[in-house]
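Q: Please take a close look at one part of this structure and describe it in a connected account.

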Amino acid sequence: MHRVALTGSGVFTPEAVITNDELVTAFNAYADLYNTEHADAIAAGKVEAKEHSSSEFILKASGIEQRHVMDKSGVLDPKVMHPLLRQRSDDEPSIMTEMAMDAAQKALAKAGREPGDVDAVIVAASNMERAYPAIAVEVQDQLGISGFGFDMNVACSSATFGIQAASDMIRSGSVRSVLMVNPEICSGHLEWRDRDCHFIFGDVCTAVLLERLDEDEGRPHFDIRSTRCLTQFSNNIRNNNGYLRRSRPDGVADRRDMQFMQEGRKVFKEVLPIVSSHILGHLEEEATSPDALKRLWLHQANKSMNDFIGRKVLGRTPAPDEQPNILQNYANTSSAGSIIAFSQYSDDLSDGDLGLICSFGAGYSVGSVLVRKVN
Ligand code: CO8
């Protein structure tokens with residue numbers, strides 16, 4: 001079996017930013033419009049009036065202060081309330097590929113590698129903009145990588161499951177290196193007209209390069225010590241959109257479940273114990289004490305959730321630099337969140353330091369990756 005190293009990471013951050021205040025202003029204007037348009041039905045008790053959102057609630061409930069998006073004009077237009085992306089011809093790169101190229105090139109540069117050094121591309125994300133050809137094959141083509149590529153989707157855990165898939169291929173010897181990329185255009189999937197969730201997501205793309213670790217390897221890297229993945233079925237985070245849509249009787253209707261749906265409270269309550277025991281179980285199997293961890297790079301959905309997991313895993317309140325959050329700037333970016341945290345907060349670790357990347361979300365799914373810094 002070969003050893004595996006994570007040698008580079010990169011983040012593409014869209015330029016456009018929406019603050020909580022901007023978001024709430026647009027939502028409240030939309031709610032007022034809606035209530036005016038449906039005044040009779042609301043008065044007759046047939047339709048529920050839309051209540052206003054509030055920046056104070058958003059910050060308190062989630063810890064989110066702003067989010068980056070691929071387009072803010074449509075999202076902030078009370079008559080639109082979704083991103084507006086330009087039509088692309090089939091002869092130009094798709095938008096997910098464009099995001100992937102930026103993050104991938106940064107990861108390759110950080111690793112000191114060229115596309116020619118890569119054997120395979122995995123695009124792992126919560127949504128793919130088309131059914132086929134795979135986005136990964138387009139990324140492979142745009143970068144000039146030989147070998148193969150494939151897409152995979154495990155919602156918020158796509159990146160950690162992608163790292164496990166790539167690591168296992170490298171360990172077994174079928175490839176020497178894998179570029180694993182996570183273009184997340186969550187704005188396309190979010191229901192911006194629902195105050196319960198309109199603040200949750202943002203857009204971003206992350207990439208990591210995983211390589212076979214040769215004995216004479218001198219470059220700084222993160223040794224992938226081990227990976228663990230877990231899934232457990234739940235309907236509490238669900239989206240019913242899909243290729244069978246037009247075949248259903250109400251397939252073209254603007255149905256709520258065609259966008260992101262969740263029972264936030266239930267997710268909060270049910271996922272926390274699953275994640276804490278998953279991490280503790282992973283560490284126990286590796287005969288590693290939680291005290292030995294220098295850093296936890298957690299999924300970035302909710303600050304209170306992360307605080308809780310940190311306390312459960314370490315048995316005390318983690319210091320801010322032990323468990324860095326980026327969700328205040330990016331919101332929940334699905335699978336990319338823990339990789340942004342890793343990418344932004346890992347250079348300072350010293351030789352031999354241990355850390356753990358962990359994602360969790362729809363499925364339910366949990367993925368953890370135990371790494372050791374080697375300088
Ligand atoms: N402004 C003001 N008030 C509000 C707002 C708002 N925007 N929204 C809700 N309220 C009200 C509610 O109506 C409720 O009022 P009342 O008490 O009168 O009923 C009150 O505020 C409290 O509401 P909640 O109970 O909903 O509030 P919570 O404290 O539970 O916070 C959260 C809501 C932040 C959503 C929280 O429950 C949470 O973070 N839960 C965990 C969610 C989570 O981690 N989900 C993971 C999803 S991500 C994932 O898995 C990826 C999916 C696939 C990717 C999709 C890409 C887009």
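Is Thr-333 buried or exposed? Please describe its setting, and then the ligand shell and the salt bridges.

A: This is a predicted model, in which local features need pLDDT of at least 70 and side-chain atom pairs count only at pLDDT 80 or more, while totals for chains, interfaces and linings use all residues. Residues are numbered from 1 along each chain as its sequence is written, and side-chain values use heavy atoms, with hydrogens and water left out.

Thr-333 counts as buried because its relative accessibility is 0%; buried means under 20% relative accessible area, exposed over 50%, and partly exposed in between (1.4 Å probe, protein chains only). Thr-333 is found in the loop between helix H9 (327-330) and helix H10 (337-344). Helices (H or I, at least four residues) and strands (E, at least two) are DSSP runs, numbered from the N terminus. Leaving aside residues up to four places away in sequence, Thr-333 touches Glu-184, Cys-186, Gly-202, Asp-203, Val-204, Gln-300 and Ile-340, where contact means heavy atoms within 4.5 Å.

The ligand has 27 residues around it, of which Cys-156, Arg-195, Gln-262, Asn-302 and Ala-362 come nearest; a residue is near if one of its heavy atoms lies within 4 Å. Helix H7 (264-285) is one of the elements that supply at least two residues of this shell, and H7 gives the most, with four residues. A polar side-chain atom of Gln-262 lies 2.9 Å from a nitrogen atom of the ligand, and a polar side-chain atom of Arg-265 lies 2.9 Å from an oxygen atom of the ligand.

The structure holds 23 salt bridges, each a side-chain nitrogen of Lys or Arg within 4 Å of a carboxyl oxygen of Asp or Glu. One of them joins the side chains of Asp-347 and Lys-110 (2.8 Å, N to O). This pair links distant parts of the chain, 237 residues apart: Asp-347 lies in the loop between H10 and strand E12 (354-361), and Lys-110 in helix H4 (residues 95-111). Asp-347 is exposed, at 52% relative accessible area, whereas Lys-110 is partly exposed, at 45%.

In another salt bridge, the side chains of Lys-303 and Asp-307 meet (2.9 Å, N to O). Lys-303 and Asp-307 are separated by about one helical turn, because they are four residues apart in helix H8 (residues 303-314). Lys-303 is partly exposed, at 38%, and Asp-307 is partly exposed, at 26%.

Technical notes
A polar contact is a pair of N or O atoms within 3.5 Å; within protein, one must be able to donate a hydrogen and the other to accept it, and residues adjacent in sequence count only if both atoms are side-chain atoms.
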